[in-house]
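The exercises below are meant to be worked through with the sequence and the three-dimensional structure side by side. Each one sets a task and then gives a solution in steps.

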Amino acid sequence: MNKKELLKYVGSIEQIGGIREFTFNSGKMKDVRAIEVSTGNLRFTILPDRCMDIAQAYYKSTAISWISKTGIVGPQFYEKDGFNWLRGFYGGLITTCGLKNIGNPVGEYGLHGRLSNIPAQNVSVFADWIDDEYIMKISGEMREATVNGENFVFKRTITAKLFEDEFTVEDTILNEGFNDEDIALCYHCNFGYPLVKEGAKIINVPDEASGVTAPVHNIEEECIAVDYTDDVVTVGIENDSIGAYITYQRNTLPDFLIWKMLGESEYVIGLEPRTTSLGGQDIVDKDKYTTLKPFEEYKTKLKFEVKER
């Protein structure tokens, strides 16, 4: 349906989709900015104060993402030391890890680095017609910097279209300093119930890693590395009614990890495209960072899609 035909039926796009901006007002999420995007069937919430990451996501009212017991936590509660990052790890569809560390703590860098707790600046929201397509585009940038150290600008643009069951996340890391700098990047994409349930399958992974059980008491988490050879990689989770998928370029995110935590109350499948297979002290010892020269950029793009089966 083109613009003219659609506007015969609705006076405002807000009736069937669009963008809504708001701020949480209680608990540890108080004052956290939020931008809710709806394409009609697909709805998700961007958190500018948490690296423009995505918290809740729904398809036709069915939850897609996993939200941890912490709930959404504002960046002012960030605890960087050791594993205390987990006290603010709300999960969500995307938590972005980096830029000086992913994985276990190392030196001054705690678990998974600082990036996911950096608030965005220069946030812009666009929602309007371009010819006969209603485009929604949200952009912002985070700066990870220190005196006498790194100076990174992390730019993110999330784009969706009305009536489409997909959206893209495009990121650019800029080394705005005058020395070479090492980076590591991980997209911690977290899927939960009822998408994830007994009998669901992780697709395009080895059979022995694909299964999903019911919640198990006191089960330990599993981290399973998967090697791909295709230039374009699509991974996802399917149950008997819907599937959710991530597509990305392997040349920018050459490594992939499955995080499988099928415990009681912590019931989640993490699909994690990454720049390196290592983290923590290993990434330092084996020098598995990606190096950016002064004013060099590093770009990634992911597509998220939901389909009925």
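## Exercise 1: the largest cavity

The lining of the largest cavity divides into 10 nonpolar residues, no polar ones and 1 charged residue. Keeping in mind that this is a predicted model, identify the residues of the lining of the largest cavity and the strand that gives the most to it.

*Solution.* Begin with the search of the whole structure, which finds 1 cavity of 30 Å³ or more; the space in the largest cavity comes to about 70 Å³. Next, list its lining, which is made up of Leu-42, Ala-57, Ile-64, Leu-93, Phe-167, Phe-191, Ala-244, Tyr-245, Phe-304, Glu-305 and Val-306.

## Exercise 2: the largest pocket

Describe the largest pocket by its volume, by its lining and by the strands that contribute to that lining.

*Solution.* The volume comes first, at about 690 Å³. The lining consists of 26 residues, and those nearest the centre of the pocket are Leu-86, Leu-111, His-112, Glu-221 and Trp-259. Two or more residues of the lining come from each of strand 16 and strand 17 (267-274), with strand 16 supplying the largest share, 3 residues. By residue class, the lining of the pocket holds 12 nonpolar, 8 polar and 6 charged residues.

## Exercise 3: the surroundings of Asp-255

Decide whether Asp-255 is buried or exposed, and find the residue whose side chain makes a polar contact with that of Asp-255.

*Solution.* Locate Asp-255 in strand 16, which covers residues 255-262. Asp-255 counts as buried because its relative accessibility is 8%, under the limit of 20%. Its side chain is joined to that of Arg-274 by a polar contact of 2.8 Å. Leaving aside neighbours within four places in sequence, Asp-255 is in contact with Arg-274 and also with Tyr-248, Glu-272, Pro-273, Thr-276 and Ser-277.

Notes: Residues numbered from 1 in each chain as written. Predicted model: local features only at pLDDT ≥ 70, side-chain atom pairs only at ≥ 80, totals over all residues. Heavy atoms only, no water. Helix = DSSP H or I, 4+ residues; strand = E, 2+ residues; numbered from the N terminus. Buried < 20%, exposed > 50% of the residue type's maximum accessible area, 1.4 Å probe, protein only. Polar contact = N/O pair within 3.5 Å; in protein donor to acceptor, adjacent residues only side chain to side chain. Contact = heavy atoms within 4.5 Å. 1 Å grid on protein atoms, 1.4 Å probe; cavity = no way out; pocket = protein on both sides within 12 Å on 5 of 7 lines; lining within 4 Å. Points joined across faces, edges and corners; volume = space filled by probe spheres on them. Nonpolar A, V, L, I, M, F, W, Y, C, P; charged D, E, K, R; others polar.
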